[in-house]
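Work through the exercises below with the sequence and the model at hand. Each task is followed by a worked solution.

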Amino acid sequence: MEQNNIETKYNKLIIALSVIIPLAVAGLFGVNLRKLGYDVEPLSFLPPIYATINGFTAVLLIAAVVAIKNKKRTLHERLMKLAIACSVAFLVMYVAYHMTSDSTKFGGEGAIKYVYFFILITHIVLSIIIIPLVLITYVKALTQQFDKHKKIAKITFPIWLYVAVTGVIVYLMISPYYVH
């Protein structure tokens, strides 16, 4: 019975965070402090930093899978916690950048424009979907339901890896169009 209570508590938190985080990001994305009259410097130095963090997250995810396949559970756990921390840091920096800077338009033309938008849209959609998946996967490990953890991790891992890698690709594709 105790396990059900813990699981119910976590499920409510997972649902709340899975709704609140994307709504907050979407809401804050549309808020530009400078346009609202606040005297803030654009945080234009952040995109290469948060793109690097995305790349680092991808490396951490791969290293964590290697660690667990080699039965190094403690290392796996630490790498996964670090990957979650990196994703949170990315999100904070991403929102801060967009709250202080004008959005950059992609300037590519022809087929590359369609490639860019395909990558961007799939990145955005999957970045929303990955929130509950990461949280559910983490809670299954936390509550020592390792069979369920392993089963959902097989879904979570490739999606999270895709989001991390495409975050870097989106940055590399749009970086020539940033205003400096």
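**Exercise 1. Find how many salt bridges the whole structure holds, and state the criterion.**

Solution. A search of the whole structure finds three salt bridges. The criterion is a side-chain nitrogen of Lys or Arg within 4 Å of a carboxyl oxygen of Asp or Glu. Before going on, note that this is a predicted model, in which local features need pLDDT of at least 70 and side-chain atom pairs count only at pLDDT 80 or more, while totals for chains, interfaces and linings use all residues. Residues are numbered from 1 along each chain as its sequence is written, and side-chain values use heavy atoms, with hydrogens and water left out.

**Exercise 2. Work out which residues are linked with Asp102 in a network of salt bridges.**

Solution. 
- Step 1. Arg34 and Asp102 form a salt bridge through their side chains, at 3.8 Å from N to O. This pair links distant parts of the chain, 68 residues apart: Arg34 is in the loop between α1 (2–29) and α2, and Asp102 is in the loop between α3 and α4. Helices here are DSSP runs (H or I, at least four residues), numbered from the N terminus.
- Step 2. Asp102 also meets Lys35 in a salt bridge, at 3.5 Å from N to O. Lys35 lies in the loop between α1 and α2 and Asp102 in the loop between α3 and α4, so this pair ties together parts that are 67 residues apart in sequence.
- Step 3. Arg34, Lys35 and Asp102 are therefore linked in a network of salt bridges.
- Step 4. Check the accessibility, where buried means under 20% relative accessible area, exposed over 50%, and partly exposed in between (1.4 Å probe, protein chains only). Lys35 is exposed at 66%, Arg34 is partly exposed at 34%, and Asp102 is partly exposed at 40%.

**Exercise 3. Locate the salt bridge of Lys81 and name its partner.**

Solution. 
- Step 1. The partner is Glu77, with the closest N and O atoms 3.0 Å apart.
- Step 2. Both Lys81 and Glu77 lie in helix α3, four residues apart, which is about one turn of the helix.
- Step 3. Lys81 is partly exposed, with a relative accessible area of 41%, and Glu77 is partly exposed at 42%.

**Exercise 4. Which residues form a nonpolar patch on the surface with about 330 Å² of accessible area together?**

Solution. 
- Step 1. Patch residues have over 30% relative accessible area and no salt bridge; like charges are joined within 9 Å, nonpolar side chains (Val, Leu, Ile, Met, Phe, Trp, Tyr) within 5 Å. Accessible areas come from the Shrake-Rupley method with a 1.4 Å probe, and for residues only the protein chains shown count as cover.
- Step 2. The patch consists of Phe117, Ile121, Val125 and Ile129.
- Step 3. Ile129 sits in helix α4 (residues 111–142) and is partly exposed at 39% relative accessible area.

Technical notes:
Helix = DSSP H or I, 4+ residues; strand = E, 2+ residues; numbered from the N terminus.
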